Amino acid sequence: IPLTRGMLVWICAGEASGDILGGRLMAALRRARPDTEFAGVGGARMAEQGLASLFPMQDLALMGLLEVIPRLRRLAQRMREAESDIAARRPDILVTIDAPSFTLRLAERVRPRGVKVVHYVAPQVWAWRPGRVRKLRDRVDSILALLPFEPPFFEAAGIPVRFVGHPVLESGADAGEAARFATRHGLAAGERPVIVMPGSRRTEVRRLLPLFGGALAIAAREAPGLRPVVVVGALVRGAVEEAARGWPAAPILVTEAGDRNDAFAAAAAAGGVGLIKSGTSSLEVAMAGIPHVVGYRVNPITAEIVRALIKVPHVSLVNLLAEREVVPELLQQDCTPDALAGHLLRLLREPASAAAQRQGFATALARLAPPGGGLPSEAAAAAVLAAAAAAERAG
């Protein structure tokens with residue numbers, strides 16, 4: 001899609017997952033338009049593509065009210081810096097990636113200046129608090145959605161949306177090397193890995209790992225040879241080590257991105273299973289063909305609020321995509337060590353149950369490819385180029 005001059009994209013990510021998306025998007029834009037230049041905020045992956053971040057992305061990667069409050073003054077300063085830089089550079093387009101608490105506020109501030117805004121990763125207001133979608137109309141010009149059922153919801157609110165496919169398809173979750181993982185971590189022949197993914201936040205790890213550890217202890221009595229493989233980000237490593245003390249088998253702790261897919265391959269090759277927090281993690285292990293159980297708990301007050309607001313029949317993305325329960329979902333009071341262990345043992349003992357899950361995975365994952373094929377990052381790049389060209393034509 002031609003522009004009459006070189007293109008400047010101001011791009012902003014606020015956390016590690018957005019940095020990965022941003023790096024892939026930048027690479028795809030450069031392939032399509034070699035004269036594209038970038039400014040903005042990002043992390044290591046975006047730096048690899050040539051972005052000189054305006055300030056460290058880590059300044060935005062805050063989670064939880066208690067963590068944010070002491071940093072409000074710094075966040076306000078970073079917002080002013082970003083707004084000023086956009087005003088000075090006058091980019092062809094602003095691409096905001098996820099992290100809505102910062103990126104959508106930034107969009108709201110600069111859009112009145114005539115800056116066109118494309119927001120990458122639809123906010124999950126479709127799942128709960130759908131009334132918030134009205135605010136988006138004043139903040140963004142269009143949305144790039146990762147899930148196929150998202151566009152109708154936002155389009156009904158008057159926001160243009162393009163489904164560009166889910167980045168899990170570019171994650172390599174189905175392309176790891178089992179033997180390399182076994183050698184590196186001393187996984188013995190006959191051991192069956194259990195992939196444990198308790199989330200990226202310390203509060204999630206502290207709440208879920210005792211439950212998951214209890215389930216592993218129960219399952220290990222009935223199925224000897226289970227070896228937990230805990231896959232988490234480096235920031236919560238200490239919380240995992242603390243929570244996993246006393247487990248029946250010492251867990252293998254995977255915190256490096258390059259090791260992650262090998263862990264999945266090792267589990268799939270050895271007939272392993274997974275204990276997974278709801279979210280994208282479920283899609284990753286589904287891509288690897290690992291049967292799993294989804295478990296999640298939040299504090300009871302939050303649970304009551306969410307229960308009143310939630311508008312979808314499932315929490316697992318695999319189940320939402322398949323439009324049925326492919327993987328068991330054990331939530332709140334149902335998420336107990338006994339119940340989790342029962343489902344794990346069923347998957348370990350009954351090949352038909354594991355095979356049925358894999359069939360469901362295929363159904364769910366088939367819906368994640370962008371229309372027309374190709375890579376999600378390429379579809380996202382095409383959408384950004386189209387938006388920039390439309391903005392230029394509009395004057």
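The accessible surface of the protein chain comes to about 17700 Å², and carbon and sulfur atoms hold 52% of this area (Shrake-Rupley method, 1.4 Å probe; for residues, only the protein chains shown count as cover). The structure is a predicted model, in which local features need pLDDT of at least 70 and side-chain atom pairs count only at pLDDT 80 or more, while totals for chains, interfaces and linings use all residues. Residues are numbered from 1 along each chain as its sequence is written, and side-chain values use heavy atoms, with hydrogens and water left out.

Of the 395 residues in the protein chain, 50% count as buried (under 20% relative accessible area, with exposed over 50% and partly exposed in between; 1.4 Å probe, protein chains only). The chain holds 17 helices and 12 strands, taken as DSSP runs numbered from the N terminus (helices H or I, at least four residues; strands E, at least two). Among contacts in the chain with a separation of 6 or more, 68% join residues 24 or more positions apart (contact means heavy atoms within 4.5 Å).

Six strands form an open sheet in the order β2-β1-β3-β4-β5-β6, with parallel pairing (two strands pair if DSSP finds at least two bridges between them). Its edges are β2 (37-41) and β6 (161-163), each of which pairs on one side only. From one strand to the next, the twist averages 20°. Within the sheet, β1 (residues 8-13) and β3 (residues 93-97) pair in the parallel sense over five bridges, and Ile-11 stands opposite Val-95 in β3.

Helix α4 (residues 72-89) lies across β1, β2 and β3 and runs at about 170° to β1 (axes are lines fitted to C-alpha atoms, for helices over the stretch in contact, and angles run from 0 to 180 degrees between N-to-C directions). In helix α5 (residues 100-110), the buried residues are Phe-102, Thr-103, Leu-104, Leu-106, Ala-107 and Val-110. These buried residues pack against β1, α4, β3, β4 (117-120) and α6 (133-136). Pro-100 also has its place in α5, but counts as partly exposed at 34% relative accessibility. The C-alpha atoms of Pro-100 and Ala-13 are separated by 9.6 Å, although the two residues lie 87 residues apart along the chain.

Helix α8 (residues 178-185) packs on helix α11 (residues 257-269) at an angle of about 105°, with axes 7 Å apart. This makes α8 roughly perpendicular to α11 (65 to 115 degrees; under 35 counts as roughly parallel, over 145 as roughly antiparallel and the rest as oblique). On the α8 side the contact is made by Ala-178, Arg-180, Phe-181, Arg-184 and His-185, and on the α11 side by Asp-259, Asp-262, Ala-263, Ala-265, Ala-266 and Ala-269. These residues divide into six nonpolar, one polar and four charged (Ala, Val, Leu, Ile, Met, Phe, Trp, Tyr, Cys and Pro count as nonpolar, Asp, Glu, Lys and Arg as charged, and the others, Gly among them, as polar). Asp-259 is buried, with a relative accessible area of 7%, and touches Phe-181, Arg-184, His-185 and Val-254, not counting residues up to four places away in sequence.

Helices α15 (residues 337-349) and α16 (residues 351-366) pack at about 95°, with their axes 5 Å apart, and are therefore roughly perpendicular to each other. Arg-346, Leu-347 and Arg-349 of α15 meet Pro-351, Ser-353, Ala-354 and Gln-357 of α16. By class, this contact has three nonpolar, two polar and two charged residues.
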